[in-house]
Amino acid sequence: MFDTLSRQPDDALLALIGLYKRDERPNKVDLGVGVYRDEEGRTPVFRAVKAAERILLESQDSKAYIGLEGDTLYLDRLWRLVAGTAAGRVAAAGVQTPGGSGALRLAGDLLVRAGARRILVGLPTWPNHVGIFAAAGLEVVSHPFFDTASQSVLFDRMIEALERAQPGDVALLHGSCHNPTGAALSDEQWAAVAAVLERRGVTPLIDLAYQGFGRGVEEDAAGLRAVVTAVPEALVAVSSSKSFGLYRERTGAIFAVAATEAAADLARSNLMGLARTSYSMPPDHGAAVVRTILGDEALTRDWLDELNGMRARIQGLRRALAAGLRGAWPALAAVEGQEGMFSLLPLTEAEVLKLRSEHAIYMPTSGRINIAGLKTAEAGDVIAKFAALR
Ligand code: LMR
């Protein structure tokens, strides 16, 4: 059978990891896949994660199955981190998933089972969003969200698309640190989005993958909290990959917010059933680490300190990028005020490939850069190479 299959294109983002690894030039720069890097180019294990792992090494006395729902303490503590005081005001049910991608897929499967047909997606977005929702059987209906040349959110277009939606449609929202643009909505814009979702009967699916990398752990969840308290039903896909640096541990969760506890419980029961016929149970380790950190005040403080330091490093690089690029592209002054690891540069595919072949600077052909991939010492040099394209 297998020889009848057609070859699939490599995932463009993940393929960059291999291309970068094989490049032997010593001054190569990786602005590709979205992982945090420090000044030495390393993706560190958080101090608090190491401490939690030491605790788990000593205290864990079994590797028996945990169950379809996953680690319920992880789910409770993570939901409080995400929803804040809104956690006490809405009915919600969570299921632990293999990373944020697992949460998005389970959300898609649940929505299809519940009768949803279409998901509205603002472009550009993380390319795998489209793949995941299409694989789950949803029709992906796109609308413009961001203009790269002017670096501005096309908010009117977004609202228009939501106004045109039909009751029962789903709308994908990025909770914070928009991937790939870094563009943020203001509090007023979040309130306007929440109001139109509620009025049109559209269910939000909010992807929160970078909490803490934008303006702060609380600030980055403010829009999400405004939405989930305004609408009767919502789904929130959370990734612990970046916020806790647990990338390869595949740690995440899907939360269903419902009008009643009974409806939330139904959502949970279906999410668990969908997980059972997919991967059965999620991996344990990352969730155990997060549960341990969030259950301990000192570890939580240390985790936050380190996360805040990462954010400050990225903000410093954003300032340098904005100052260095605004001469060539005045609109790129906006990079300073954008959030999270990514910004989207107005580069052509040919320019991206030229940077790769001539200067060993790696980024996807969309022009997205992972700002955390820059080292302060070499940032000036890289910025000059961008500016020289104009
Ligand atoms: C990214 O956008 O680079 C990350 O979310 C990693 C991934 O899985 O694509």
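Exposed, in these notes, means over 50% relative accessible area. I am working from a predicted model throughout.

**Entry 1**

I began with Leu5, which sits in the segment before α1 (12-22). Is Leu5 buried or exposed? Its relative accessibility is 62%, so I put Leu5 down as exposed.

**Entry 2: salt bridges**

Next I went through the charged pairs, and the count came to 19 salt bridges. I looked up a few of them.

Arg118 pairs with Asp169, and their closest N and O atoms are 2.7 Å apart. I noted that this pair links distant parts of the chain, 51 residues apart. Arg118 belongs to strand β3 (residues 118-123), while Asp169 is in the loop between α6 (155-164) and β7 (170-174). Are these two buried or exposed? Both Arg118 and Asp169 are buried.

Glu163 and Arg199 form another salt bridge, with 2.8 Å between the closest N and O atoms. Here too distant parts of the chain are linked: Glu163 is in helix α6 and Arg199 in helix α7 (residues 187-200), 36 residues apart. Glu163 has a relative accessible area of 32%, so I logged it as partly exposed. Arg199, at 53%, is exposed.

Within it, Arg42 bonds to Glu40 with the closest N and O atoms 3.3 Å apart. Glu40 is exposed, because its relative accessible area is 53%.

**Entry 3: backbone checks**

Before reading the backbone angles I reminded myself that most residues other than glycine have a negative phi, and most peptide bonds are trans. With that in mind, I picked out the exceptions below.

I placed Pro124 in the loop between β3 and α5 (127-136).

The bond from Asn179 to Pro180 is cis as well, with omega near 25 degrees. Pro180 is in the loop between β7 and α7.

Cys177 is in the loop between β7 and α7, and its phi is positive, about 50 degrees, although it is not a glycine. With a relative accessible area of 3%, Cys177 is buried.

Arg250 also has a positive phi without being a glycine, this one about 55 degrees. I found Arg250 in the loop between β9 (234-239) and β10 (252-258). Its relative accessible area is 32%, so Arg250 goes down as partly exposed.

Conventions. Residues numbered from 1 in each chain as written. Predicted model: local features only at pLDDT ≥ 70, side-chain atom pairs only at ≥ 80, totals over all residues. Heavy atoms only, no water. Helix = DSSP H or I, 4+ residues; strand = E, 2+ residues; numbered from the N terminus. Buried < 20%, exposed > 50% of the residue type's maximum accessible area, 1.4 Å probe, protein only. Salt bridge = Lys/Arg side-chain N within 4 Å of Asp/Glu carboxyl O.
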